[in-house]
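Work through the two exercises below with the sequence and the model open beside you.

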Amino acid sequence: MTRTVFEKSDVTSLVTEVFRELGYEGASMSKITARTRLSKGSLYHFFPGGKDQMAAEILAHIDQWFISNIYEPLEKHDPRAAIDHMWQEVDSYFQSGQRICLIGAFALDETRDRFAIVIRQYFIRWIEALSAALVRTGVSQEAADQISEETIAGIQGGLILSRALHDESFFERTLANLAQRVSKTIADLQ
């Protein structure tokens, strides 16, 4: 039985989870309809451009969430509070490591080329925002850039291993270790 939806945001959420589970290449229209229980007509009503439009809008939605909840706080708010906030938001967003980073997943397959600019910008903005916050705490630019790159790489790696090991505590430990390292770097400046 098909599902009735009236808001595009509802459809986007359903389709996002299919992409998270199957990836871009694995998410055929027939699989999207089966897993969302939406008809092809409903999907094309909301996404006339098909699967490419779905993916582009999902990536834009994710980007907006990160702008509001991660990047802008790091760029504009008290840096220590924003960094602490980042750990909480990352843990919540990725459901303690049980939800993959869809942009990270897209970066690993042929989808990378289709959405290269969006994928690249997601990682660059996060690294730069964290680095800017660290610099505002007194960390040198060079150290801030290195810590930021290693932190984002650690988060992404933690997500992969947590899912692969079916162990959400792995991601939680990874975040705690990364947070401790960043806090120690800041504290050592005092």
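Axes are lines fitted to C-alpha atoms, for helices over the stretch in contact, and angles run from 0 to 180 degrees between N-to-C directions. This is a predicted model, in which local features need pLDDT of at least 70 and side-chain atom pairs count only at pLDDT 80 or more, while totals for chains, interfaces and linings use all residues. Residues are numbered from 1 along each chain as its sequence is written, and side-chain values use heavy atoms, with hydrogens and water left out.

**Exercise 1.** Determine how the axes of α8 and α9 are placed relative to each other.

Solution. Begin with the axes of α8 and α9, which come within 8 Å and cross at roughly 135 degrees. That angle makes α8 oblique to α9, since angles under 35 degrees count as roughly parallel, over 145 as roughly antiparallel, 65 to 115 as roughly perpendicular and the rest as oblique. Then look for the residues in contact (heavy atoms within 4.5 Å): among them, Trp-126 and Leu-130 of α8 belong to the set that meets a set in α9 including Ile-152 and Ile-155.

**Exercise 2.** Find which residues of α10 are buried and which are exposed.

Solution. Apply the cut-offs for relative accessible area, with a 1.4 Å probe and protein chains only: buried is under 20%, exposed over 50%, and partly exposed in between. In α10, Phe-171, Thr-174, Leu-175, Leu-178, Ala-179, Val-182 and Ile-186 are buried. They cover an arc (taken from the directions from the helix axis to the C-beta atoms) of only 125 degrees, which puts them on the same side of α10. On the other side of α10, Gln-180 and Lys-184 are exposed. Finally, the cover over the buried residues of α10 includes α5, α8 and α9.

Definitions and conventions: Helix = DSSP H or I, 4+ residues; strand = E, 2+ residues; numbered from the N terminus.
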